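This report looks at one residue of the model and then at a contact between two chains.

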Amino acid sequence: PRAPLRSAASAPPLYDVVVSGGGMVGSAMAAVLGHDIHFHDKKIALLEAGPRKDYDHLPDSYSNRVSSISPGSATLLSSCGAWDHVCSLRLKPFRRMQVWDACSEAMIVFEKDDLDDMGYIVENDVIMSALTKQLDAVADRVEVFYRSKAVGYTWPLPSHSCDTSPWVQVELADGRRLQTKLLIGADGHNSVVRKEAEIQNIEHQYDQSAVVATLHLSEATDNNVAWQRFLPTGPIALLPLSDTASSLVWSTSHDHASELLAMDEESFVDSINSAFWSNINHSDFIDTAGAMFRSAISLLKPSGTAVRQLPPSVAKVDPESRATFPLGMGHATEYVQHRVALIGDAAHRVHPLAGQGVNLGFGDIACLAHHLSAAAFNGSDLGSLKHLLKFETERQRHNVSLIAATDVLKRLYSTTLAPLVLLRTWGLQATNALPPVKVRI
Amino acid sequence: QLSLFRFTMKRPFSTSHSSVDSKEMKKFQLLAHKWWDEEGEYAALHSMNDIRVPFIRDTLLSMSSNYHLGNPLSGIKILDVGCGGGLLSEPLGRLGASVTGIDPVEDNIRTADRHKSFDLVLAKRIQYKSSSLEEIVEESMETFDVIVASEVVEHVADLEMFIKCCSQVLKPDGSLFITTINKTQLSYVLGIVVAEKIMGIVPEGTHEWEKFVPPEELEHLLESSGFSVKTVNGMLYNPLSGSWSWTESTSLNYAVHAVKAGARAHATDIPPETDIQQHSATAGTA
């Protein structure tokens with residue numbers, strides 16, 4: 001629907017930027033813009049459908065929703081002052097990632113040469129707590145609307161005729177209206193902004209659900225390795241939370257996920273340990289072929305095979321911490337339109353096996369904020385496609401290859417067929433031996 | 001009596017001797033409603049903002065010691081001569097300046113007023129007036145910190161008078177920014193034949209090669225009107241990418257930054273009032 005004629009004086013309040021969606025990505029977008037020097041005198045609104053949560057009192061037990069935060073994302077959170085808060089709350093750096101196959105001995109180890117942190121495992125609630133604090137700090141520029149679900153958007157004509165409003169009109173559930181020069185959709189993989197803007201979304205539901213839980217290890221250890229094993233049913237990952245606790249992300253079939261949730265705690269723990277330790281899926285053929293390949297590599301590149309560390313074993317699971325959610329993949333064909341931009345899951349949804357989901361969103365924010373900051377310093381119209389297209393090009397180039405690769409990996413590893421297992425076995429071992437490829441990942 | 005006669009001839013306030021060319025006005029009238037279509041006839045002017053706004057902004061920032069966060073041009077009074085639909089006035093207003101935009105074509109002013117009206121904050125910072133430069137001189141002596149005449153001097157009838165008027169409404173030490181087109185064989189081929197007739201980058205008939213101004217001539221006129229030319233930069237339009245960039249050569253488009261002499265220096269024109277008094281005094285005693 002098109003915006004009606006209305007005199008400026010009686011019009012709804014006009015914002016420079018409205019961010020729809022107050023999750024980690026939406027909140028970070030608003031916080032980063034709010035802290036940008038060229039947005040000092042601008043008006044930003046953040047719309048969140050839910051109530052304001054009290055993040056001031058973190059429970060002692062860990063939340064079951066955690067994210068793997070890359071160093072790049074940590075830098076972005078630093079730029080708006082949020083990373084300091086995260087560090088003062090709690091987080092777990094990890095130095096190493098060990099990824100291996102359930103059907104063979106093939107393994108790949110990721111480690112930074114300088115023994116720096118590869119990434120951080122942080123509870124989503126901790127990130128939200130930090131971002132909420134930083135939004136409060138710029139409350140004169142950023143207005144957060146809680147319990148404010150946006151129910152309708154009205155788009156302006158691109159080169160508007162003089163009579164109609166050039167701004168995006170936003171209608172909230174309680175009837176209030178806002179106008180904005182730029183609408184940023186950070187409203188998740190079922191994005192209303194994307195749907196109302198009629199942006200096509202390529203999506204695919206995986207026949208998998210992720211099971212999450214908070215686990216306690218059998219013994220305290222230098223828990224600074226992230227573990228992932230590719231089972232035929234899907235990858236199981238153990239992400240360190242502390243020296244005695246780890247977070248589980250187990251992607252598996254819907255049926256198996258329901259079973260895991262229903263079984264008693266002891267059986268659940270046994271399933272996890274067996275998933276990491278059992279060699280039931282190995283076949284002699286694959287093992288021999290794999291071993292031969294490894295010897296070949298070690299002749300060519302002596303340092304090409306890494307020391308295999310053993311994953312920790314799990315002793316118990318936090319009661320009430322088991323949960324499951326369905327998995328899917330999605331990619332919007334366009335990230336931007338006149339006066340609209342999509343970021344985070346609204347633009348792209350990815351399988352958790354790469355631990356990239358929220359990092360892609362933070363990457364979107366860094367790129368969009370860079371272009372918007374430059375546009376503001378040039379006195380440009382913030383909703384102009386000129387700079388929005390630059391953001392889209394940069395991010396699509398980056399995201400599409402990663403999303404495609406993740407999807408391919410997911411499919412490649414969802415099988416026990418010998419030829420494919422051999423392919424990925426050798427592939428994994430070769431990748432492990434090749435530094436340039438590993439560094440890129 | 002001879003001196004009084006001379007005085008009348010020199011007077012720049014008469015509207016019958018104006019720097020506005022009525023033929024030029026007609027050309028722009030036809031396209032008055034096309035200003036704000038970023039992909040339309042004025043696309044090249046829209047993308048010119050990507051270099052002319054930073055040029056103006058950074059030059060002014062380097063000359064001042066105040067910096068207002070988020071409003072780098074706060075407190076600066078700018079006159080945008082030949083503002084058209086407000087394409088340059090609006091970004092300058094967004095950066096915090098108080099902008100007065102003048103244009104002889106009423107339809108342009110109407111378009112500009114309408115376009116700014118939807119943003120109340122911006123609307124307060126910009127005032128548009130349908131007027132020629134000469135018409136505002138009397139009420140605006142030494143009023144502005146900055147004058148911007150972008151893509152204008154190649155359309156005026158009397159360039160020397162235009163520059164003198166600029167000097168009159170500019171405060172001492174004030175800045176004058178001009179962007180225009182050089183008069184060269186290259187600018188004929190690319191600026192008129194290719195840009196207008198072949199590629200349609202500029203609406204046909206917009207420019208007349210005869211009126212293009214070589215930078216040497218512009219510099220000479222500026223210096224003899226009490227300006228000190230600080231910067232001359234070549235500009236280049238890439239029709240494939242639709243974007244402008246700075247370049248060494250001024251054979252096509254170029255930008256100039258000049259500064260009006262400060263309060264202590266003598267202006268080259270003696271103000272007419274002094275002339276009358278002297279001559280009346282003389283006449284009285286004759």
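## A loop serine and the A–B interface

S321(A) is buried, its relative accessible area being 5%; buried means under 20%, exposed over 50% and partly exposed in between, with a 1.4 Å probe and protein chains only. The model is predicted: local features need pLDDT of at least 70, side-chain atom pairs count only at pLDDT 80 or more, and totals for chains, interfaces and linings use all residues. Residues are numbered from 1 along each chain as its sequence is written, chains are lettered from A in the order in which they are written, and side-chain values use heavy atoms, without hydrogens and water.

S321(A) sits in the loop between β16 (314-317) and β17 (323-332) of chain A; strands are DSSP runs of E, at least two residues, numbered from the N terminus. Beyond neighbours within four places in sequence, S321(A) is in contact with N64(A), V212(A), A213(A) and T214(A), where contact means heavy atoms within 4.5 Å. A polar atom of the S321(A) side chain lies 3.0 Å from the backbone nitrogen of T214(A).

The contact between the chains is summarised below.

| Item | Value |
|---|---|
| Residues in the contact, chain A | 24 residues |
| Residues in the contact, chain B | 25 residues |

About 2000 Å² is buried between chain A and chain B, with carbon and sulfur atoms giving 53%; this is the accessible area (1.4 Å probe) that the two parts lose on being put together, summed over both. Across the interface of chain A and chain B the rule finds two salt bridges. One of them joins K181(A) and D119(B), with the closest N and O atoms 2.8 Å apart; the rule asks for a side-chain nitrogen of Lys or Arg within 4 Å of a carboxyl oxygen of Asp or Glu.

Note on methods: Helices (H or I, at least four residues) and strands (E, at least two) are DSSP runs, numbered from the N terminus. A polar contact is a pair of N or O atoms within 3.5 Å; within protein, one must be able to donate a hydrogen and the other to accept it, and residues adjacent in sequence count only if both atoms are side-chain atoms.
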